[in-house]
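Visitor: I would like to learn how to read the features of a helical model. Could you take me through this one?

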Amino acid sequence: MSTHASDPLAALGSLPGVADSVDSVRKAVDRVYGHRVMRRRSNEITSEAALRGARGSAALAGADWALEEVRRRTDFSADPEARTVGAALRLSAEGGQLLSIWRQSPLRVLARLHLVAEGEPLDSTGRPRQAGEPVDEPLIEAPLPTSAEVSGRLDGLAELIIAGGEAPALVTAAVVHGELLALRPFTTHNGLIARAAERIVLVGSGLDPKSICPAEVGHAELGRDAYLAAFEGYVSGTAEGMAAWITHCGRAVELGVRESTAVCEALQRGAA
């Protein structure tokens with residue numbers, strides 16, 4: 001890893017198994033982009049991927065609704081599960097509007113994502129949590145960093161993103177996702193925001209420019225237990241743990257590709 005001392009994200013790309021995962025993801029993405037339906041109906045695929053991605057992210061946050069229920073519902077204020085699904089849908093719609101800002105000011109984007117997810121301006125909305133403020137994130141039970149540690153690590157993450165580098169998109173996306181889960185920088189909706197940020201990296205990097213490969217679908221399909229086990233690898237900070245997390249995220253992207261490929265084929269058959 002010393003050959004990439006000035007680019008720690010690129011160094012992660014050389015971990016065992018990561019390069020194979022990066023290559024496999026790239027080939028899968030290229031295949032769906034080459035589907036004949038994409039040449040004339042890509043906007044429909046993008047819209048469907050956004051909906052299915054939001055459903056998957058909400059499922060991981062404890063609101064595991066059927067896709068048709070998400071599609072049908074118009075009121076997302078009735079109860080906590082409905083609010084979670086509504087937050088996921090808003091984040092999915094907002095992410096594409098923030099791509100141009102992400103590389104210059106990722107912290108500004110994260111603040112905006114929290115505001116969008118919350119849906120209303122509360123005192124804690126759109127800013128990192130302060131000392132003593134509780135965090136509502138029942139899925140993640142890892143030790144909660146202090147507000148001071150959150151501030152320092154967010155600044156470090158922002159510096160890595162702004163600096164760019166040679167790291168594959170999958171590696172950067174997985175690190176952004178994992179770091180936000182580990183930090184839980186906001187009082188609410190950290191998991192949804194972490195997965196939305198992962199999507200922003202995948203799209204903004206050029207790997208998935210039309211946002212048709214919803215990793216959130218794959219994360220949900222792989223299941224909460226696998227998600228948490230892989231996340232424990234990230235939190236461990238070991239080479240093996242980091243590699244396991246990155247490859248898990250790669251598998252999630254490939255499952256998202258499979259989902260959108262099925263949508264393409266259904267459109268081609270006239271069944272969707």
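This is a predicted model: local features need pLDDT of at least 70, side-chain atom pairs count only at pLDDT 80 or more; totals for chains, interfaces and linings use all residues.

Visitor: Which residues of helix 2 meet helix 13?

Guide: In general, an α-helix has 3.6 residues a turn, so residues three or four places apart point the same way. On the helix 2 side, the residues in contact are Val-18, Ser-21, Ser-24, Val-25, Ala-28, Val-29 and Val-32. Their partners in helix 13 include Ala-243, Ile-246, Gly-250, Val-253, Val-257 and Cys-264. By class, the residues of this contact are 10 nonpolar, 6 polar and 1 charged.

Visitor: What is the angle between helix 8 and helix 9?

Guide: Helix 8 (residues 147-163) packs against helix 9 (residues 169-183) at about 170°, with the axes 11 Å apart. Angles over 145 degrees count as roughly antiparallel, and helix 8 and helix 9 are therefore roughly antiparallel to each other. From helix 8, Val-150, Arg-153, Leu-154, Leu-157 and Ile-161 take part. They meet residues of helix 9, among them Val-175, Val-176, Glu-179 and Leu-180. The contact has 9 nonpolar and 2 charged residues, and no polar ones.

Visitor: Is helix 11 largely enclosed or largely open, and how many of its residues are buried?

Guide: A residue is buried when its relative accessible area is under 20%. In helix 11 (residues 215-222), 6 of the 8 residues are buried, so the helix is largely enclosed by the rest of the structure. The buried residues are Ala-215, Glu-216, Val-217, Gly-218, His-219 and Ala-220.

Visitor: What covers the buried residues of helix 11?

Guide: The cover includes helix 3 (38-60), helix 9, helix 10 (190-204), helix 12 (224-236) and helix 13. Just after helix 11 comes Gly-223, with a positive phi of about 100°.

Visitor: How many disulfides does the structure hold?

Guide: A disulfide needs two cysteine sulfur atoms within 2.5 Å. The structure holds 0 disulfides. For Cys-249, the nearest cysteine sulfur is that of Cys-213, 15 Å away. Cys-249 is buried, at 0% relative accessibility.

Visitor: Is His-114 buried or exposed?

Guide: His-114, in helix 7 (residues 106-118), is buried at 0% relative accessibility. Leaving aside residues up to four places away in sequence, His-114 touches Ser-124, Thr-125, Gly-126, Arg-127, Phe-186, Thr-187, Thr-188 and Ile-193.

Visitor: What is the relative accessible area of Ser-236?

Guide: Ser-236 lies in helix 12 and is partly exposed, at 43%. Sequence separation and spatial distance are read as a pair here. Ser-236 and Arg-258 are 22 residues apart in sequence, and their C-alpha atoms are 30 Å apart in space.

Terms used: Residues are numbered from 1 along each chain as its sequence is written. Side-chain values use heavy atoms; hydrogens and water are left out. Buried means under 20% relative accessible area, exposed over 50%, partly exposed in between (1.4 Å probe, protein chains only). Contact means heavy atoms within 4.5 Å. Helices (H or I, at least four residues) and strands (E, at least two) are DSSP runs, numbered from the N terminus. Ala, Val, Leu, Ile, Met, Phe, Trp, Tyr, Cys and Pro count as nonpolar, Asp, Glu, Lys and Arg as charged, and the others, Gly among them, as polar. Axes are lines fitted to C-alpha atoms, for helices over the stretch in contact, and angles run from 0 to 180 degrees between N-to-C directions. Angles under 35 degrees count as roughly parallel, over 145 as roughly antiparallel, 65 to 115 as roughly perpendicular and the rest as oblique.
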